[in-house]
Amino acid sequence: MLQENDYPISVQFDFASGTFDPVQIRDDRKLSDLQMMFHDPIIVNNILANADPLIYEIWYHPFQTSRSDMALGVTRLLPGKIGDEYHMTKGHIHERDDQPEIYFCVRGEGYLLLQTIDGEFRAERWTTGTISHIPPMWAHRVVNTGDDLLVFVASYHLSAGHDYRPIIEKGFRKLLVDRDGQPTFVESQRWT
Ligand code: S6P
Ligand code: ZN
């Protein structure tokens, strides 16, 4: 017997704006939400003394039925840098170690950074149209190295859970910084 929430639902994605309608929840992540993520605390504090710029928006739609818990998340990552470091998402690992995710870059360019708890590191180059599979047990972060908005669509299970602690504590092994106008990987000092 179907329950009230067991019926199909569709939303309409707009490629021009990188948004969809109807949206259920929208989260804005500002610099103050990512203080621990960028490598130069002096630059972060100098910016925060005057302003708290928006880094990205997350538009969510949970699809919960009586037997399933999928979620759609669209992230709009603004172009820009904090000092020499490109705008990026906080990054997290799923609490459940059997939970993968699909990311689809629908606009812009950059990198998907992936890292295991043991420190295995991968960087996937993204251009518009790249679709990446994030296996379970890999922390994930997206970096916008372009001049345009980067938009990606995520599909995952709500029950996967989000753990930000490993990223807050040690970050990713590599940072993406601007060196003479070129996105360049450098080793993170925080990673030991
Ligand atoms: C959820 C999925 C995305 C992120 C979003 C923001 O599993 O990976 O929807 O939540 O891209 O990133 P973060 O690291 O701030 O959650
Ligand atoms: Zn995730």
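Six donors count as octahedral if opposite donors are over 155 degrees apart and all others between 65 and 115; donors themselves are N, O and S atoms within 2.8 Å of the metal (3.2 Å for Na, K and Ca), with water not among the atoms, so sites may look incomplete. The model is predicted, with local features needing pLDDT of at least 70 and side-chain atom pairs pLDDT 80 or more, while totals for chains, interfaces and linings use all residues. Residues are numbered from 1 along each chain, chains are lettered from A and ligands numbered from 1 in the order written, and side-chain values use heavy atoms without hydrogens or water.

The zinc ion (ligand 2) is held by H92 (NE2), H94 (NE2), E101 (OE) and H140 (NE2) at 2.1 to 2.3 Å. Its site is octahedral, with angles of 65 to 171° among six donor atoms, and along the chain the donors follow the spacing H-x1-H-x6-E-x38-H. H94 is buried (under 20% relative accessible area; exposed is over 50%, partly exposed in between; 1.4 Å probe, protein chains only), at 8% relative accessibility, and E101 is buried at 4%.

Beyond its neighbours within four places in sequence, T75 is in contact (heavy atoms within 4.5 Å) with residues including Y56, T89 and V151.

Technical notes:
Four donors count as tetrahedral if all angles lie between 85 and 135 degrees; four count as square planar and six as octahedral if opposite donors are over 155 degrees apart and all others between 65 and 115; anything else is irregular.
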